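This report is intended for a reader who is new to the structure shown below.

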Amino acid sequence: MQRKKLIFAILALLPAMGIYFWVRLIPIGETLRLSLHQWNILSKNKPFVGLDNFRELFGDPLFLESLFNTTIIAFGVLLITIPSSLFIAYLVFQRTRSRFAGFYETTLFLPHVVSLVPAAMAWKWIFDARLGPLNAALGWFGIEPKAWLFDPVLSIFCIIFLCSWQMLGYAVLIYIIGFKNLPLSLLEAASLDGASKRQAFWYVSIPLLKPITLYVSVVTLVAGFNVYAQAFILASDSQGAPGRQVRTLVLDMLENSFRNYRVGYAASEAVVLMVIVLVLTLIQFRMLREKGKSL
Amino acid sequence: MKISSIGRRQFASFALSSPLHKLLAAAGLTLLAGVAPAQAQKISIWSGYPEMAPFYQRVADQLKAKNPSLQFSIEAIPLREHEKRVALALSSGSAGALVIEMAPPTANRYLSNNLLVKAPGNVAGFVTDTKNYAPFFIQGASSGGGVFGVPLFRGQGALFYNTDMFKAAGLSKPPATMEEFSTYAEKLTKRDASGKPTVSGWSMRLSGGGQGIAEKFWINMFQYSGNLLTQGADGKWRVTVANEAGRKTLKQYLVNVHKLKVVTPEMPADADAFERGQTAMFIRESWVIGDIAQKAPKLNYATAPLPRGTIGLPTNLYVSAKGAEADASWTFAMAANEPDNLIWLLKNVGWLPNRQNVDYSPVIKSNPGFSGFVNYPKDHAFFSLPSIDPIEEILTRVASKLTAAFPKAGLADDDKAIAALLVEIENEGNAILNREGLLGK
Amino acid sequence: MNSHPVIKTTLSERCIDVFLIVLSIGMVLPLIMLVANAFKTPEEILIWPPTLFPNDPILSNFEKVLSKTPLLIWIWNSICFAVLSTLSIVMTSAVAGYVLAKFKFFGFDFLFAIILATAIIPFEVYMIPLYFQAKSLGILNSLWGLLLGYLVMSFGIFLIRQNVIQSIPDEFLEAARIDGAGEFWVFFHIVIPLLRGPLAALAVLAFFQAWTAFAWPMVVNTSKDAYTIEVGLALFQTGFTVDLGLLSAASALVLIPSVTLFVFLRRNFVQGIASTGLKE
């Protein structure tokens, strides 16, 4: 019996794991290896340079700028998404039995699943200093039109806003499911003990939702650090965007690799990105993990 | 592997080794002869300027009419992406037959790695003929003693100015010196009640990523007899902005933005703004003429050469292909330089063709916008971007520092800080040159 | 007998409804505006202040887009890519998730730990070596090149494993084995049917991941005909500058499959996520 099981296990696992090795583990290893070398794509030799790439990286103003921008964007999205999705999910949960529930879920989730680029184009037009409705709407309130995509601070805000808009529906959905699965018994016990609805929400529901908050937080932060498409459309130096360029880590990495022909250098940037993401994830797990529960 | 790419000579020499082989060879050659011409040849034309697509299509259609077995696929995407795809394709060698439109600095690294095909005799003869091209362009298309590219068009900067606005401000001719640029700009700027500019007197390139800002800065610097990068006697380079020319240029930007307040980074800029009457003048390449014709045909404007000289950035057609497809590719490059096609290019797209023994006068007469580009004084000086590997990286970094500096109001009065910033820019650029072994004395 | 109790909505509930309705409309407003722009004439797009709905709707933007650009090819590319990626991910995740959950052999836990660790690592980190891998295999500019990065999903394996542990008791499987069923039979006739929900959810996740992929298709595809929608739209330019009307029309056309698919698949998605270990 055991033997049959072993044979099956290996036969079944081999193709899947084989592919996994080939398209995940080997490239990751290769990135680590390349980061210690120098390579300009076109030549055959790749000299070993040890940690030189990393040393140069941390003195490089363009990299530091990318790191700064990306960090702000990632945390900005996190700080907006978690509280607002929690709040909105709570509200939608209150109305799950109404006939609007389906409508809410659909419209809130739609931004998450539509193709990235059209959605970003829509927002690019909205934020357009000359043509966009945002400045027009602000005009009704007597606020001056602002150059949303040109201003160094505002352009980052625009990216944060776009990413949050896309992330919100997903987070709301997951929180709704979390609310639906809250054990009623605990909530009843709390109200029997005299807790008001608000207190029950803060002191019972939210702690119980920790695993969900952890999940949303990790996903949002990782997506935030990888931001590329949104920055590319809203604020890059491609022909259709004569605005300000907001440098993000992935953008800087791809530029170093395919425009400056410095693959080793770009790989070291990738390694830094990887380390940041891993460390942040670990921290979040520590902070939000409940004792004794495995995820 | 396509049959046509097997060298026929190789096949023939193999065939001479034995009678049976001879027989097989004869059969094989007949087969080859029968098969090869009938097979369609697919050549992709890669361009970094989407507005050039109709031109290449025109050339392709002409060639296809003569030889139906030729198939051309025109793929023109924005410049940055074009450069990237060229890097990826040429390094992997898997993109099929290509005619690639590139500027010499971009082509340089591929040439030094032998990734582009040398031009065959007849093409090389055509390119090196000084009746066809000025030495400047022949040089740009050659490398290490051989010809690798066929010159096509160039980007050249000149001043575009709105004649209605000039008249209204009492200005009868375009500015003749850089100092006049500033005084003109002040007169031309329209302001609202609070003094904020609503129409910029001079649309300077203050934002927008990539190296464009550095290029435009260099154009301005050139008017002050300076150069962003200078080549020494040893053939190596240095970044040279920390000098009088650099200071004057940067100061002019800052003064115009913060003191005279003729332009701000948020204002509409570039061709779009000019076409909508949101700026009185700006410096750009000739493609704007085609753009204005399309989008603002009623605009009253004129062009004028810049005070001292301008940038001339040639773009050539290079080939990456083998065998019969290489031949077809070079045929395409040559066909693109037929006088009729070049005249069509100038008229309908607006980029300036490099070939000189063609009569462009009908186009120029019917569109006086070109006069600033072709009617320049004999001593008009030209500069181009150096064909060195790290040029894009250096320009991008210079652009990044400049973009950060332009919005700083305090910098306009602070000569010391300006000087310090220019030294910083020099050091950063020179470090890169040093890294690549190109730093001169 | 029993009559439906009349559900009265309280004042607070009505307030919530008002807020949520405004919010929901706000969420989709950008998309609505995009579609509206597609119908505007070039002049109307440039007027200020911008109109919400076109005064003189035209269809020429759509005509131009469909005739001048390979938009339909892009949509087709995206669909093929997404479908194949989904199939691959579902199959590999189902198999790997099941085996790693139920078969306690040496090294399997370690294997799972590696999968978990690499699940967090963003794709962009190892995208460049993967690109050169694709190049050396000669599959750039093709569907296979696109798929190379999207054949497996670490999170998918994790999801299935969680589900198997929680919802498939060992006794089921043992009973079948005692009855003489072979391992493959057990897998196909017991495990897969029980995993229907999570597999459907995973399929939807995988589909949208491939559908909205940006960086990888951007790097891998350099030929216009091989673009996916995202890349094609991002590089959309047919003249000196970007024509807003055409771009909006192209974007609007692309939104149609996205929205339709989602409206149909929403139930699956929600149910699937609900059936994962997240409820713990």
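## A covered helix in chain C

In this predicted model, the buried residues of α11(C) are P198(C), L199(C), A201(C), L202(C), A203(C), V204(C), L205(C), A206(C), F207(C), F208(C), A210(C) and W211(C). The helix α11(C) is thus mostly covered, with 12 of its 16 residues buried.

The length of α11(C) is close to expectation: from the first C-alpha to the last, its 16 residues reach 22 Å, and 22 Å is expected at 1.5 Å a residue.

## The side of chain C that touches chain A

The contact between these two chains draws 80 residues from chain A and 70 residues from chain C. On the side of chain C, at least two residues each are supplied by α1 (11–38), α4 (71–102), α5 (108–120), α6 (123–137), α10 (183–194), α11 (196–211), α13 (229–234) and α14 (244–274). The largest share, 14 residues, belongs to α1(C).

Sorted by class, the side of chain C that touches chain A holds 50 nonpolar, 11 polar and 9 charged residues.

## A helix pair across the two chains

The crossing of α3(A) with α1(C) is left-handed.

From α3(A), the contact is made by I88(A), L91(A), V92(A) and Q94(A), and from α1(C) by E13(C), I16(C), F19(C), L20(C) and L23(C). These residues comprise 7 nonpolar, 1 polar and 1 charged.

## Chain A as a whole

Chain A contains 13 helices and 0 strands. Its C-alpha trace spans about 75 × 75 × 30 Å along the principal axes.

Chain A has 295 residues, of which 48% count as buried. When contacts in chain A between residues at least 6 apart in sequence are considered, 70% of them join residues at least 24 apart.

## A helix pair within chain A

Within chain A, helix α4 (residues 101–113) packs with helix α7 (residues 152–180) at an angle of about 130 degrees, and the axes lie 6 Å apart. This pair, α4(A) and α7(A), is therefore oblique as well, and its crossing is left-handed.

The residues of α4(A) in this contact are E105(A), L108(A), F109(A), L110(A), P111(A) and H112(A), while α7(A) contributes W165(A), Q166(A), L168(A), G169(A), Y170(A), V172(A) and L173(A). By class, the contact of α4(A) with α7(A) has 9 nonpolar, 3 polar and 1 charged residues.

## Two loop residues of chain B

In chain B, S225(B) has a positive phi, near 65 degrees, although this residue is not glycine. S225(B) is situated in the loop between α10 (212–223) and β10 (229–231) of chain B. A residue with 20 or more other C-beta atoms within 10 Å is buried and one with 12 or fewer is exposed; S225(B) has 13 and is therefore partly exposed.

K261(B), likewise not a glycine, has a positive phi of about 55 degrees. This residue, K261(B), belongs to the loop between α11 (244–259) and α12 (270–275) of chain B. Because K261(B) has 18 C-beta neighbours inside 10 Å, this residue counts as partly exposed.

How values were computed: Residues numbered from 1 in each chain as written. Chains lettered and ligands numbered in written order. Predicted model: local features only at pLDDT ≥ 70, side-chain atom pairs only at ≥ 80, totals over all residues. Helix = DSSP H or I, 4+ residues; strand = E, 2+ residues; numbered from the N terminus. Contact = placed C-beta atoms within 7 Å. Nonpolar A, V, L, I, M, F, W, Y, C, P; charged D, E, K, R; others polar. Axes fitted to C-alpha atoms, helices over the stretch in contact; angles between N-to-C directions. Parallel < 35°, antiparallel > 145°, perpendicular 65-115°, else oblique. Left-handed = near helix turned anticlockwise from the far one by under 90°. Expected span 1.5 Å × (residues − 1).
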